[in-house]
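These are my notebook entries on a two-part question: how is each chain built, and where do the parts meet? I begin with the domains and then move to sheets and contacts.

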Amino acid sequence: MTGRIVRLAETHRAPVAFRFDGQDMAGMEGDTVLTAILCHRGSLRAAEFGPERRAGFCLMGACQDCWISQEDGPRLRACQTPLRAGMRLWSDGWRE
Amino acid sequence: MTRILIVGAGPGGIRAAEALVRAGLRPVVVDEGARAGGQIYRRPPHGFLRDARALYGSEAHKAEALHACFDRMVAQGRLDYLPGCAVHSLRDGLAHLTGRAPIAYDRLILATGATDRLMPVPGWQSAGVFSLGAMQIALKAQGVALGQRIVLAGSGPLLTLLASQLVKAGAGLAAVLDTSRMGDQLRGGVGMALARPLVTLRGARMRLGLPYHAGVVLDAIDAGAVRWRDARGHAQVTECDAVGLGWHLRAETQLADLAGAQFDWSEVWQQWLPRIDDLGRAGPGLYLAGDGVRILGADGAELAGRRAAAACLHDLGLEAPVPDLRRTERFAAALARAFPWPAVDVPDSTVVCRCEGITAGELRATVDRTGPEANRVKSLARIGMGRCQGRYCQLAAVDLIACHAGTSRASVGRLRGQPPVRPVTVADLLAAESSAVGTKPEDSAAASSLSAASASPLAAPCLQATPRMPCSPSAPKT
């Protein structure tokens, strides 16, 4: 699946490697987790109460639409969390 | 020394802090953002290169002045600044924070800002539909567009501002669909121009060259397109891969509610707003500023921040100048008339609550059983009980309830705020618990037990995982 996000500026930044749903991906220093994932994917997670997928909504930590899981358990808000090298993220880990 | 807590480091919070520091006080400033500035003057992460002119356009000098003012106070050690943490509950003079021990305060200045005001459009729950604010944050703070071919829809000043910013940055903009009729815009525009002619002219000029349509009715967002009707009622389809929605702003009032503010339905603003006196007082030791109390925009927020601080200083027996907000208020009220909130009228199948997929039909059926009272409908239909706690559905829900029952929105009532107003971890709750049983929150023992808890598996966010759990953020009080 191709990414949803188009980078328009600030493309000078160093790459940052991470994994999402078992796949190696690269974001950039200063990316949020949401930016980094949506550069490669169209969405972040499945909706719990409907058939659609979700890709975040407010990007300011108010709507809680962008919660995804880290491999070691704790969940995070993708729009508020800076990307760190080596992050291992899962879209729907909470279902397991 | 009196402990004054300021919540929010946008234009309102920063100017309030400045006024207190000038009077020789040392406030604590808690802000959810990683860097001070608020949403409007949000700063990108360190290492980004665009300058203030590129980020904030004609408002660059205001943004730079605010950032410099705050950074100076922090550098000089004039205040205590807690970035990246949110106040999730207020009780008995204690502010409970995410990720930190609670803070005791004597007086509270809330500058909590606003979110986009949203109404449901069939299909708006799909991935790729964002708020207008989200699109602007993505551009400002990340340098990205949230799609290749974007439709912006709704109404309010952000609609055309964002459109012009996206075009300037090189994003693909397919259409700007304004639900406000040209007649309303012209009538409101006269009042805006009388109050602030240059700002009004700048707003009007932004329209030039945009694929802009006024008086639009939005029918649906589906299969990569927005279906809408133009001002003559002709059906139109615009293909796109992202949609930004928003109808001006909704005051973020949950903390004011928890702090004991009273609320009134505002016909001007078409939302419930906290009741304040001439200086922004909402109760004993409670002062409100910025878009969280009246949607006056960034300039008005700076003034309201100074005003709230002045009220606080007066109550402490200190002198402080009181800024005049009348011109800003006239402009903002005319703007609200120019870009009105349209009556929400959606088919039964439309999702109203994005969090839990609750439809307009379920809402109407519930009203038939409970009667038209917002909190009863919430209890049975769960509207406003999802993880966003009603931020994005409650105004539309009030409209739908009132329309279905043939009553007024004021009589439908307001969803009561419930703590925590942000998702909290078990560690946060343990910190609150330890303070509740008598441990002083400032104690080093409490602080070290908190950090130990943070490092343990207990730190995993629990409340959001299963929205129907009894500890869900907006579950009814037991």
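**Entry 1. Domains of chain B.** I looked up the domain assignment of chain B, with bounds that come from an automatic or database assignment. The record gives domain 1 (4-115 + 250-335), domain 2 (118-247), domain 3 (343-421 + 468-478) and domain 4 (426-459). I note that this is a predicted model, in which local features need pLDDT of at least 70 and side-chain atom pairs count only at pLDDT 80 or more, while totals for chains, interfaces and linings use all residues. Residues are numbered from 1 along each chain as its sequence is written, and chains are lettered from A and ligands numbered from 1 in the order in which they are written.

**Entry 2. Domain 1 against domain 2.** I took the centres of domain 1 and domain 2 of chain B over C-alpha atoms and found 28 Å between them. I then looked up contacts, counting two residues as in contact if their C-beta atoms, placed from the backbone, lie within 7 Å. By this criterion, 13 residues of domain 1 of chain B touch twelve residues of domain 2 of chain B. Which helix gives the largest share of the domain 1 side? Helix H10 (residues 326-338) of chain B does, with five residues. Helices here are DSSP runs of H or I with at least four residues, strands are runs of E with at least two, and both are numbered from the N terminus. I sorted the domain 1 side by class and recorded six nonpolar, three polar and four charged residues. In this scheme Ala, Val, Leu, Ile, Met, Phe, Trp, Tyr, Cys and Pro are nonpolar, Asp, Glu, Lys and Arg are charged, and the others, Gly among them, are polar.

**Entry 3. Chain B as a whole.** I recorded 16 helices and 24 strands in chain B. Its radius of gyration is 22 Å, close to the 23 Å that the globule rule gives for 478 residues, so chain B is as compact as a globular protein of that length. The radius is taken over C-alpha atoms, and the rule is 2.2 Å times the number of residues to the power 0.38. The C-alpha trace of chain B spans about 65 × 50 × 40 Å along its principal axes. Buried residues account for 54% of the 478 residues in chain B; a residue is buried if 20 or more other C-beta atoms, placed from the backbone, lie within 10 Å of its own. Of the contacts in chain B between residues at least 6 apart in sequence, 68% join residues at least 24 apart.

**Entry 4. Strand pairing in chain B.** I looked up an open sheet of three strands in chain B, with the order E4-E5-E6 and antiparallel pairing. Strand E4 (87-91) and strand E6 (103-104) of chain B are at the edges with a single partner strand each, so one side of each has no neighbour in the sheet. Two strands pair if DSSP finds at least two bridges between them. Strand E5 (residues 94-97) of chain B meets E6(B) over two bridges, and B:Leu94 has B:Ala104 as its bridge partner. Elsewhere, strand E14 (residues 217-222) and strand E15 (residues 225-229) of chain B run antiparallel and are joined by five bridges. B:Val217 is opposite B:Arg229 in this pair. The hairpin of E14(B) and E15(B) has two residues between the strands, and B:Ala223 takes a positive phi near 45° there.

**Entry 5. Chain A.** I recorded one helix and eight strands in chain A, in the order β-β-β-α-β-β-β-β-β from the N terminus. The C-alpha trace of chain A spans about 40 × 25 × 25 Å along its principal axes. Buried residues make up 44% of its 96 residues. Five strands of chain A form an open sheet of mixed pairing, ordered E3-E2-E8-E6-E7. Strand E3 (23-28) and strand E7 (75-77) of chain A stand at its edges, each with a single partner strand, so one side of each is left without a neighbour in the sheet. Strands E6 (residues 67-70) and E8 (residues 88-90) of chain A run antiparallel with two bridges; A:Ser69 has A:Trp90 as its bridge partner.

**Entry 6. Where the chains meet.** I found 44 residues of chain B in contact with 39 residues of chain A. H4(B) gives the most to the chain B side, with five residues. By class, that side has 22 nonpolar, 15 polar and seven charged residues. Strand E1 (residues 6-7) of chain A runs antiparallel to E10(B), joined by two bridges, and A:Val6 stands opposite B:Ala145.

Definitions and conventions: Buried ≥ 20, exposed ≤ 12 C-beta atoms within 10 Å, placed from the backbone.
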